[in-house]
Amino acid sequence: MTDRTPLVSVVVPTYDRPERLVRSLESVAEQTYETLEIVVVDDGSETPAKAAVEPLREDFPYEIVVIRHDENRGANAARNTGIREASGDFLAFLDDDDEWAPSKVSRQVETFRRSPADVGLVYSALRIVDDDGTVVRTTDASAAGDVTRTLLRRNAIGSFSCVMVRAAAAEDAGPLDEAFPSWQDLDWYIRIAERWRVRPISEPLVTNHAGGHDRITDDLESLVEETYPRFVRKHRPRAAAYGRLFEREMLGWAAFRVGAWYALPAGEYETARRFLRRAVTLYPVEPQFFLYAAVAAGGEPAQSAFERAKRSILRDRS
């Protein structure tokens, strides 16, 4: 990198959450890094986000640009609009229900400075809290280097709010795929990872408020009927390039994610059983697949016992 202080563009998609948008923007105002521009993309909110942003402008330390979609087009489209508007050397993303630690941008830019030129994405861990501010869990941030194979199995990077990318890496990857109702972050990370390397920051520099409010996400039906088959069609050839065994592993993990991470918590046991059986059949050497398949087979009583056991283990570790 040159001695010039790089500009970081912060892309903030928002939809009908003005109070949370203000809280998120206030965390940007507290950043220790001083060369920022903020692009807020209002995805057709009933009350325009500009009304929430205007009172902040007088004392806000950075430029805020607000762009409004005439109709709701989804989070992917909002982020793509922000990326097109951004002029920074780096792009950072902040969902309107998240907050950044004051050092977040500085830490990521410094990581880029200390890394080889082929590092295109830096991410941090995420702290998830409930409505009372109690920490629910903290994500792992350890995947590093060439993470393409890892990402084809699971989203080891996580939330957009944890990510900063080189503008050149974003250009190489192309826009987010707006046909994905969910998993669009994973799809984009895979495309970046094919050409660029990744560096993690293990500390949780982002807080997600995962309480009872709605998220920018879609329901299980759209996951099963749209996201999952599109992900398999799009990324199966990438997995196959690593050999037939890895192709089956990738397909098994895609089915596992639907069954264990979405259908099972939603209490949709038949869907969970179907996808977890598929995971076991495709890749019968992964112990997690068998464990969750057994839980799904037992229905609600088995799931309740399993969740109690997990909570007990987490308490013992804390």
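**View 1. Pro175 sits in the loop between α6 (167–173) and α7 (184–193).** Helices here are DSSP runs of H or I with at least four residues, and strands are runs of E with at least two, numbered from the N terminus. This is a predicted model, where local features need pLDDT of at least 70, side-chain atom pairs count only at pLDDT 80 or more, and totals for chains, interfaces and linings use all residues. Residues are numbered from 1 along each chain as its sequence is written, and side-chain values use heavy atoms, with hydrogens and water left out.

**View 2. Pro175 is an exposed residue.** Its relative accessibility is 55%; exposed means over 50%, buried under 20%, and partly exposed in between (1.4 Å probe, protein chains only).

**View 3. Pro175 has contacts beyond its sequence neighbours.** Setting aside residues within four places in sequence, look for Asn80, Trp188 and Arg191 in contact with Pro175; contact means heavy atoms within 4.5 Å. Now find Arg79: this residue is 96 residues from Pro175 along the chain, yet their C-alpha atoms are 8.8 Å apart.

**View 4. Stepping back, the protein chain shows 11 helices and 9 strands.** Its radius of gyration is 20 Å, close to the 20 Å from the globule rule for 318 residues, so the chain is as compact as a globular protein of that length. That radius is taken over C-alpha atoms, and the rule is 2.2 Å times the number of residues to the power 0.38. Along the principal axes, the C-alpha atoms fill a box of roughly 60 × 45 × 40 Å. Of the 318 residues, 51% are buried.
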